[in-house]
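Here is a short note for a colleague who is meeting this structure for the first time. Please keep the model open while reading the points below.

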Amino acid sequence: TTASAIVSIKPLEITNKKETATETGISYSSKSGNSDVQNILMSIKSEFNNIDNANMIVINREYGNSNDIKNVDNSFIHFRHIRASLVDALNYEFFTQLQKDLFRSIKSRHIVGGGVRYKEDLKDNSAIFFGVGIFNTKLNEDNIKSSFESLNVYVSYNQTFNNNAKLIYNGYYQPRF
């Protein structure tokens, strides 16, 4: 089975300074014809950093209907905390996620996990991250409740070009135990 999560996101990094950045978005679409379709999506992403840690919260809410019948109803919250270790390139991370998507039969999905990540700065304004961890998922899907652990292995590469364009690749392998 598949489950939605953060689709693509630049790796959160410890910047060794205090800073906060917030992005917000709202989208509304409406179509008329054989069926009248309306959809609204609201999102917020905030990063707040201190000298030895980085934090991020992402909140998404989407609702829609077709011919006045609800056909989209989902919400998603993700929080991530990264803490520096004694080794510069190695960090610890902890995360939690809450999700519901009534039209994918997900009444609730709760994730809690953690791991370690390693960053290698490369030449030409690029970096590569390797991470490994474990997370627990509690899932209520079609009134069937389950709980399981998964391994989390990932690689992330990002490159910043001279014109401030960025290339970001994230690859994940998350087998269930």
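1. Start with one pair of residues. Serine 75 has lysine 100, in strand E5, as its bridge partner. This model is predicted.

2. Widen the view to the strands around that pair. E4 and E5 run antiparallel and are joined by 11 bridges. Together E4 and E5 make a hairpin, with 5 residues between them. E4 covers residues 69-84. E5 covers residues 90-101.

3. Now cross to the other neighbour of E5. Strand E6 takes in residues 106-122 and pairs with E5 over 11 bridges, again in the antiparallel sense. Glutamine 97 has isoleucine 111 of E6 as its bridge partner. Leucine 98 faces histidine 110, also in E6. E5 and E6 form a hairpin too, with 4 residues between them. Look at serine 105 in that turn: its phi is positive, at about 65°.

4. Which residues of E5 lie on its covered face? They are Asn91, Glu93, Phe95, Gln97, Gln99 and Asp101. The uncovered face holds Leu90, Tyr92, Phe94, Thr96, Leu98 and Lys100. Asparagine 91 belongs to E5. Is this residue buried or exposed? Asparagine 91 counts as buried because its relative accessibility is 12%, and the cut-off for buried is under 20%. Its contacts, leaving out residues up to four places away in sequence, are Ile14, Ile82, Arg83, Ala84, Ser85, Gly115, Val116 and Arg117.

5. Follow E6 onward. E6 pairs with strand E7, residues 126-141, over 16 bridges in the antiparallel sense. Histidine 110 stands opposite lysine 138 of E7. Histidine 110 also stands opposite leucine 98. The hairpin of E6 and E7 has 3 residues between the strands. In that hairpin, aspartate 124 has a positive phi near 65°.

6. How many strands form it? There are 9, in an open sheet with the order E1-E2-E3-E4-E5-E6-E7-E8-E9. The pairing is antiparallel. At the edges are E1 (19-31) and E9 (166-173), and each of them pairs on one side only. On average, neighbouring strands are turned by 15° against each other, direction ignored. As background, strands of a sheet pair through backbone hydrogen bonds.

7. E1 is joined to strand E2, residues 37-49, by 13 bridges. E1 and E2 run antiparallel. One of the residue pairs is lysine 31 with valine 37, the latter in E2.

8. Next, the nonpolar core. The largest one has 7 residues: Leu12, Ile14, Ala54, Met56, Val58, Phe76 and Ile82. Strands E3 (53-66) and E4 (69-84) are the elements that give two or more residues to this core. E3 gives the most, with 3 residues. In soluble globular proteins, nonpolar side chains tend to be buried together.

9. Leucine 12 is one of those core residues. Which residues does leucine 12 touch, not counting those up to four places away in sequence? They are Glu47, Ala54, Asn55, Met56, Arg80, Ile82 and Arg117. Ala54, Met56 and Ile82 are among the members of the core. Arg117 is also in the contact list of asparagine 91.

10. Turn to the segment after E9, where glutamine 174 is placed. Isoleucine 134 is 40 residues from glutamine 174 in sequence, yet their C-alpha atoms are 8.9 Å apart.

11. Finally, the chain as a whole. Its secondary structure comes to 0 helices and 9 strands. The C-alpha trace spans about 60 × 45 × 25 Å along its principal axes. Of the 177 residues, 32% are buried. The chain exposes about 11300 Å², and carbon and sulfur atoms supply 55% of that area. Of the contacts between residues at least 6 apart in sequence, 46% join residues at least 24 apart.

Conventions. Residues numbered from 1 in each chain as written. Predicted model: local features only at pLDDT ≥ 70, side-chain atom pairs only at ≥ 80, totals over all residues. Heavy atoms only, no water. Pairing = 2+ DSSP bridges. Axes fitted to C-alpha atoms, helices over the stretch in contact; angles between N-to-C directions. Core = buried A, V, L, I, M, F, W, Y, C linked by side-chain atoms within 4.5 Å. Buried < 20%, exposed > 50% of the residue type's maximum accessible area, 1.4 Å probe, protein only. Contact = heavy atoms within 4.5 Å. Areas by Shrake-Rupley, 256 points an atom, 1.4 Å probe, with all protein chains shown as cover.
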